[in-house]
Structure formats: C-alpha cells, structure tokens
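Subject: Structure handover

Hello,

Here is the structure we talked about. Please open it alongside this note.

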Amino acid sequence: MTSLIIFLVLGASLLLLLVFALSRRRSPAAGSSEAFLDARQALSALQNDLLAADLVRRLFAKDDLDYILQFTPESVQKLFIQERRKVTLVWVRQVRKGVMSLRAFHRGQARHYARLRLETEFKLAVSFAVLLLACRALEIALYFKGPYAAPQIVGRTVGVAGRLCAISEKSLGFLTPGSLGDLTRGAAGEQAKV
Amino acid sequence: MEYVTGKMAVRAAADDMRARTLSGIRRPLDRLIYLASLRDYNTGLYYHDGLATRFSLDVACEALAECHSQVFRELCAASLEELVRQLEGYVDSTHAARGDFIAAWQGLEPYRVAVPVETDPVSAELFFSNLRVALAVLQTRLHGHWAAPPSASPQPSPAQ
C-alpha cells in the first residue's frame, strides 16, 4: 500500500513537471523573429553608434578636462564634470542594454541554428557575464568617481563588447536567408559559425 | 538599378550643396543651424528650392539630410575648446548682445531642434551637454573674470 502511494505521488509529480515544462515552452516560431530583430538593432546600435571610436574618445576625452581645468572657474568645472558624468552614464547603460539583448538572442535562438559546441556556448556565456559585470562596475565608478576615474575599465569594456559584437555579427549573418540556404544545401557537418 | 541611380543623384545633390552653399559657411555650428532651418518641424522633411529645381524634391531632401548628419558628426567629434570657439563666433555673427544670447540659449535650448532625426541618443546628449558647458564658459568670460585661451583666435563670421 505504501509503495503504491509513493508510486502515485511520484507519478503525479512527474506529470506536474511535464505540464509546467510544456506551459513554459513557446513555439519555435513565436518570438524568434522578434529576438532576431532586437538583436540586429542592438548590434547595429553598438557597432555604429555606442562603440564607435570617435564617440568613445570624445566622451572620455582628457583634452576637454584639461581645457576646462585650465581656463574656467570652479563653477564651470563642476558643471562640466556633472554633465560628462550624466552622458557617460547614459552611454554605459545603453551599452549594457545592447549587450543584454545580444545575450538574450544567443541564449534563445542562436544555438538552435548555429549548432554551437558546448565549449563555445560556455565561453560565450562567460564573456557575456564578464562584460555585463564590467558595465556594472563602470557604471558605479562613473557615478561615484566621475567620468575620468576608470579609463582602463572603459578600454576593456569597449574591447570585450567589440569582440562579442563580432561574434554576434557572425551568428546573425549565419541566420540570413542566404546563409540558411547554404546550410540546407549540405553544410550539415559544418561546426558552429561562432 | 533605379536604386543605384537614386543614390548617385543624392550624392551629386549633396556635393552640389556642399560646393555652392555650405562651403561659404565656415563654422560647422553655423552649417548645422542653417541645415536644421531647412527642415520642416512638422514633417521632418528638408526643403531647398534651388537644389529641388536642379534635382528633385525627394533627392534634395535626402541630400540635405545627408549633409546635416555629416555636419553633426563633425561637431560631435570636435573638442570642447573648439566648440566654445565656434559658439563664440556664432554669437558674434548674430549681432545680438552676448548676455541676451546666452540667456536665451540657456533658457530655451533652441539647439535641441538642430540635431538630425536619426541621431543616436548618446551623441545627441553629448552635443547638448557640451553646448551647455560652452554657454557657461562664455558666460564667465562675459563677466570678465576669465579670458579665452591664447590660441583661441576669433574666426570671421559667415556674414563677414
């Protein structure tokens, strides 16, 4: 009798788990095009705007600070630091948002198509985690110490973000109709493009 | 093919605009304000009779948008010192009293409507922020306590 009860409880639990898993699962088509578009937009914003060398250089330009310190009174110096802090915080938050969008794409979609190896997936996951952590650290540094407090973190963040964008670009390029056509024509043995 | 032709026409119109009109406006800040003034606030479309006659309304509009974006990028890449210099030159070219000009620009922030439509928010914010600081720098100079750096020689205004 006891074993029957245990068996029934186990069976019911498994059934519940199955129902839960099915309720969480979305159809492959639903949301995939949305995630793809989000990722494309995020990648474009990161590569063309946020990580553009000219913009990053200007945001953290030391010559602006030198000019302000040398030729303006304290009130303007304070205003400058406040203003630049505000803009650099907007910048790092936008970078973080873009990176999160790319991570969501890799988590949900890329591996289904690009057939990533476990090792590659793990490396990507670590890179995304490191980058998001760096963005958060930079945000804290900018907030408390100002825009000129952590030039090394800025450089590293931009470097890692650039590399991840390049990887994402390959993944997204792989998902264009032409590339998918190549895949179906016999690239079955091909390893992940990432 | 039509697309390529359209692109080439836009490029030709933009070159024409640069050669005939924009080359006569020396400071990028002046060029930005001039190009923004050619844009209809309600529709976001640019109008320039001469350019539209030589090309077409659509091509002229696209060419002006391209010129506007290019000038904005140029200004975003400029140092704060350079922007202060340009703003100072622009103030002088308007023949308005400096104090009045600074008060109006600080209060109304008219430069906000001078950025191209498709500008990314960070670049736009950097431009606004730099102009706020530049206005503060000019304000301190107005009170006579702080002089301009020695290298900052005033540029002639487009009116001159």
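This is a predicted model: local features need pLDDT of at least 70, side-chain atom pairs count only at pLDDT 80 or more; totals for chains, interfaces and linings use all residues.

Start with the two chains. Chain A puts 25 residues into their contact, and chain B puts in 20. On the chain A side, the elements giving two or more residues are α2 (32-50), α3 (53-59), α4 (62-71) and α5 (74-114). The most comes from α5(A), with 10 residues. By type, the chain A side has 15 nonpolar, two polar and eight charged residues.

Now look within chain B. Its two domains are domain 1 (2-76) and domain 2 (80-142). Their C-alpha centres are 22 Å apart. Each side of the contact counts 14 residues: 14 from domain 1 of chain B and 14 from domain 2 of chain B. On the domain 1 side, α2 and α4 (57-76) of chain B are the elements that give two or more residues. That side has nine nonpolar, three polar and two charged residues.

Last, one helix pair in chain B. Helix α2 (residues 28-37) packs on helix α5 (residues 80-94) at about 60°, and their axes are 8 Å apart. Because of that angle, α2(B) is oblique to α5(B). Which residues of α2(B) meet α5(B)? They are Pro28(B), Leu29(B) and Asp30(B). Their partners in α5(B) are Gln86(B), Leu87(B), Tyr90(B) and Ser93(B). The residues of this contact split into four nonpolar, two polar and one charged.

Best wishes

How values were computed: Residues are numbered from 1 along each chain as its sequence is written. Chains are lettered from A and ligands numbered from 1 in the order in which they are written. Axes are lines fitted to C-alpha atoms, for helices over the stretch in contact, and angles run from 0 to 180 degrees between N-to-C directions. Helices (H or I, at least four residues) and strands (E, at least two) are DSSP runs, numbered from the N terminus. Angles under 35 degrees count as roughly parallel, over 145 as roughly antiparallel, 65 to 115 as roughly perpendicular and the rest as oblique. Two residues are in contact if their C-beta atoms, placed from the backbone, lie within 7 Å. Ala, Val, Leu, Ile, Met, Phe, Trp, Tyr, Cys and Pro count as nonpolar, Asp, Glu, Lys and Arg as charged, and the others, Gly among them, as polar. Domain bounds come from an automatic or database domain assignment.
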